[in-house]
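Hi everyone, thanks for making time this morning. Let me put it up on the screen.

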Amino acid sequence: MVGEVAGSKSFSSRFRKRPCFEQVCEAAQPFVAACIVQHYAARNCWLICPDSRRQEEIFNGLLNWETKAWFFPELEIPAVEGAVPDPEVVAERLTVLQRLSEGKRAVVVVTKTALDDAVPNREQVGRQSFRVRRGQALDRAAFVESLLKSGYQQVAQVSARGEFAVRGGIIDVFSWQHALPLRIELFGDEIDSLREFDLDDQTAVQVMDRSEVFLGELEAGDVSLQDYIRSGDLIIDIESDHEDAGARISSGALEGDGPEDYETAFFPSSFHDFEAGDFLVEETKREQALEQIRQWLTEGWRILAVCHNEGESERLRDVLGDNEIDIDQIAFALGDLNHGFTYETGKLAVLSDAEIFGRYQSPSARRLALRRSRLRGGRLPVDFSELIEGDYVVHLEYGIAKYNGIRKLKQEGAETECVVLEFADDAKLYVPFEQTFLISRYVGLGKRFPALSSLGDSRWAKAKKAAETAVFDYAARMLKLQAERNALNGYQFPPDTKWQAEFEASFLYKETPDQLTAIEDTKRDLQSEQPMDRLICGDVGFGKTEVAIRAAFKAVMGGKQVALLAPTTVLAQQHYKTFRERVSDYPVTVGMLSRFLSVGEQRKTIQAIRDGSLDIVIGTHRLISSDIEFKDLGLVVVDEEQRFGVRHKERLKERFKLVDVLTLSATPIPRTLYLSLVGAKDMSVIETPPPNRLPVETIICAYDERVIRDAIQRELKRRGQVYFLHNRIYSIYRVKERIEALCPGARVEIGHGQMVEEELEEVMRRFVEGEIDVLISTTIVESGLDIPNANTIIIDRADRFGLADLYQLRGRVGRAQHKAYAYLLLPRELMGGARRRINAIKQYSGLGAGFKIAMRDLEIRGAGNILGTAQSGHITNVGFELYCHLLQQAIEKLKGKEAKPRSEAHLRLDFVATNESEFVSSTDGKAPAFITADYIPQPHLRIQAYKKLAAVANIEQLQKLEAEWRDRFGPLPLAVQNLLKMNEI
């Protein structure tokens, strides 16, 4: 279609002179740009956009019209002393420069501001790309020296861009411009293998024949991006007033003496005033829209309907077919188009399913060519590189000790490395690396330091035994309620209906693998006889709500009612809107119960719940009041469970013993997290970020009004919105005055929980609709508000919040296509002390880190009273990790499962040496069976390898571990082969 329009008479006449296209609506501008790019196929094209928001829209639009383009992002550096540019943005810019330096035909989408950015020149970029290929000779020492000179940092294990590691014949390097790090394996001086590998598990994901490593200085820029534009290149100006443009596109009239030219005008489609469900419900508007389509077809117009997915496409075909429109005359295509347009001269109408059905997808981010590392959930083994001397640890056999670092000991003429633990009375225990799996980090109660255990007495064994007994009693009590639920059969929902399949197919986004697994787990629970009790743990914006929506729809299709419990009225309102939009095409009624409703409205809703005319009800704590009676409740969804008190949750369990319960949380409270980890509660973890999500840049700094001003101004410059969090109502109005003084043009409003309901609702509505630039609020925004346009959050007095709270608040931003920023402001005098706790947020700035945040919060604040006062003494005595391990065993035993304690088989062969000192000192030529320091030189990586080996439970896992070691560290030496053989035996 782009080719046809670009070759049409009206467009061809434009191309004979300097092409100018006026009266082109914003929705059609990428289409017109694609036509220009196609016509000038032999030339480089530079699309100059007025700001980064339009740049995103134009770039995504070009991809939609199958025009290959490159995105050159602006370099956004936070206005904080010592701040560095985001390495991912730098990498993306460098990739574009590298492609331009190669001289290939390019279509570059850029902002007017970015043209003035200082960048390395073409020759420099080309010269500094070091190419590697299989079979090539490589001087390892010279290559390492080049990396160091270019600013790369040598580390034990590559975890970030700009790092490299050397292990024997293997060099890992994460080049500045690549999506994944590269593993170069040498055989002598020749490159034997090139592999890209995954940052999470450090194993190869793709074998390559050739690649390149950037060996230049990133910051060095002696030219501007403007200098990359050559004389034969075409500059296409899209409302940015670029002086040297060879082509222009404008939504209004371009300057000139003659009358306005409408020959190549593109107008918005007439479908833009539909809201969710309107097309099927509002007969007058629907009939007008259908009549317009019939008229176009009669007049010989071409109609293209662009749908987000096959489900929406099928639905649109059905609706048009049911209304006697010949769908064979309409072309259907899949793509991301939120707004349609018409081109009257060419008799072309482009329709968007989003406009027709009133369901708009939030603007999707460009697909960064960069695959970002995922932080996996779950309890990882202790990383000894994270421990600092003086930290408390638990040795499974000897008790609580202090970690005193790693030491080399001389033994019978040979050196051996050990972990040094200090016990009571200055007693030292030297633990060889092969036994470090017995050590775990100590997490106790609050900030109290535990008493160190004594070596050689029986107190540790007694404490462990007492904890085992107590934990068994506790597990029995904890499982009693679950046993009651399991003993009484719940409702068994029927298999999926045809409507369920249609409903799921109409989801606008592509589900992530974890999301699909969580959906399947939930549906399987619903179809079983036993009542469901499942936790869905996933980061903010990772798709937990969609899991709940599908479960709710299935429950309603099974003839049951659904209750969704949200912690705040604002979040309940948002869920109400989302649920209504999703089920608008089906005979499913959704209601809400919150303080935003009048007494009369509440009374009507309560009656509808009682008589069953309401299928899904969404509300706050009001839903568990004693006057609420459901006719036939089948499913309860608890969102943000960490925001509910124990009292509310216990009342919920008592009231709905036989009802299926689905709990959603980004950072579950440790109690829930551990009940799930130890098996008392089923759990599904959604840890795969949706495509296009960018991690939030977290900046911790002292309170500074210049930082606040610059942060707000930069966000407003890219047409975004800002949250300013100030959690003190008495001083919140003074803060508003200061913000208005700092940013005179900004529209600033206040929102807090003590405002009149209608007033607060109105403020929130205006913020959602973009009528407010800066919302100064209390933590009322913490739960669930989804505003893709708000991408900067400034948190005043961040030291007053818990880690999980900060994590939730930071999750309010970073849901759209822009880099998001979270500024955590601290009083200058607290910059030292409060930083340690808050730095955990910065440390886990990656996507999917909710699990780790919950664990770190637990570690810093202590396990507290999470399992009741009766158990706190036992947690103090044995540490939380061991306590939970005992709890897990007790639960499995009470559930009737055969307890599987870790196997303790000790294989002693008199002709085998299991450590280096024994091997060196042996006179009778023992066979070595250990991980040699030559093979894995870094002590903490060697400890990690031993811990992984200790966790192996079967041959399959052992083979997997062997493949991982071979990939990461190279061919296995004889000593390591023997060690694996012993473990196999």
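This is a predicted model: local features need pLDDT of at least 70, side-chain atom pairs count only at pLDDT 80 or more; totals for chains, interfaces and linings use all residues.

Let's begin with a pair of helices. The axes of H15 and helix H16, residues 569-583, come within 11 Å of each other and cross at roughly 55°.

Who is touching whom here? On the H15 side we have Thr-545, Glu-546, Ala-548, Ile-549, Arg-550, Ala-552 and Phe-553, and they meet His-575, Thr-578, Phe-579, Arg-582 and Val-583 in H16. Sorted by class, the contact of H15 with H16 holds six nonpolar, three polar and three charged residues.

Gly-541 sits in the loop between strand E27, residues 533-538, and helix H15, residues 544-557. If you follow the chain, Gly-541 and Gly-811 are 270 residues apart, yet their C-alpha atoms are separated by 7.8 Å.

Let me step back to the chain overall for a moment. The protein chain has 985 residues, and 56% of them count as buried. In secondary structure, the chain comes to 31 helices and 41 strands. Looking at contacts with a separation of 6 or more, 73% of them are between residues 24 or more positions apart. As for the surface, the chain exposes about 42,900 Å², and carbon and sulfur atoms supply 49% of that.

Helix H20, residues 705-717, and helix H21, residues 732-742, have axes that come within 10 Å and cross at roughly 65°. H20 is therefore roughly perpendicular to H21. H20 passes H21 in a right-handed crossing. In H20, the residues involved are Glu-705, Ile-708, Arg-709, Ile-712 and Gln-713, and they meet Arg-738, Ile-739 and Leu-742 in H21. By class, the contact of H20 with H21 divides into four nonpolar, one polar and three charged residues.

How do H30 and H31 run, roughly parallel or roughly antiparallel to each other? The axes of helix H30, residues 955-969, and helix H31, residues 974-984, come within 10 Å and cross at roughly 170°. That angle is over 145 degrees, so H30 and H31 are roughly antiparallel to each other. From H30, the contact uses Ile-955, Leu-958, Glu-962 and Trp-965, and from H31 it uses Val-976, Leu-980, Asn-983 and Glu-984. The contact of H30 with H31 has five nonpolar, one polar and two charged residues.

Most residues other than glycine have a negative phi. With that in mind, have a look at Glu-66, which is not a glycine and still has a positive phi of about 55°. Glu-66 is in the loop between helix H4, 52-64, and strand E3, 70-71. Glu-66 counts as exposed because its relative accessible area, 77%, is over 50%.

Asp-241 is the other one: a positive phi of about 55° again, and not a glycine. You'll find Asp-241 in the loop between strand E15, 234-238, and strand E16, 247-249. Asp-241 is exposed too, at 62% relative accessibility.

Cys-20 is in strand E1, residues 20-21, and is partly exposed, with a relative accessible area of 26%. Leaving out residues up to four places away in sequence, Cys-20 touches Arg-14, Arg-248 and Leu-254. Thr-264 is 244 residues from Cys-20 in sequence, and the C-alpha to C-alpha distance between them is 9.3 Å.

Finally, Pro-87 lies in helix H5, residues 87-101. Pro-87 is partly exposed, with a relative accessible area of 40%. Its C-alpha is separated by 7.1 Å from that of Arg-161, 74 residues apart from Pro-87 along the chain.

That's my tour, and I'm happy to take questions.

Conventions
Residues are numbered from 1 along each chain as its sequence is written. Side-chain values use heavy atoms; hydrogens and water are left out. Helices (H or I, at least four residues) and strands (E, at least two) are DSSP runs, numbered from the N terminus. Buried means under 20% relative accessible area, exposed over 50%, partly exposed in between (1.4 Å probe, protein chains only). Contact means heavy atoms within 4.5 Å. Accessible areas come from the Shrake-Rupley method with a 1.4 Å probe; for residues, only the protein chains shown count as cover. Axes are lines fitted to C-alpha atoms, for helices over the stretch in contact, and angles run from 0 to 180 degrees between N-to-C directions. Angles under 35 degrees count as roughly parallel, over 145 as roughly antiparallel, 65 to 115 as roughly perpendicular and the rest as oblique. A crossing is left-handed if the near helix is turned anticlockwise from the far one by less than a right angle, and right-handed if clockwise. Ala, Val, Leu, Ile, Met, Phe, Trp, Tyr, Cys and Pro count as nonpolar, Asp, Glu, Lys and Arg as charged, and the others, Gly among them, as polar.
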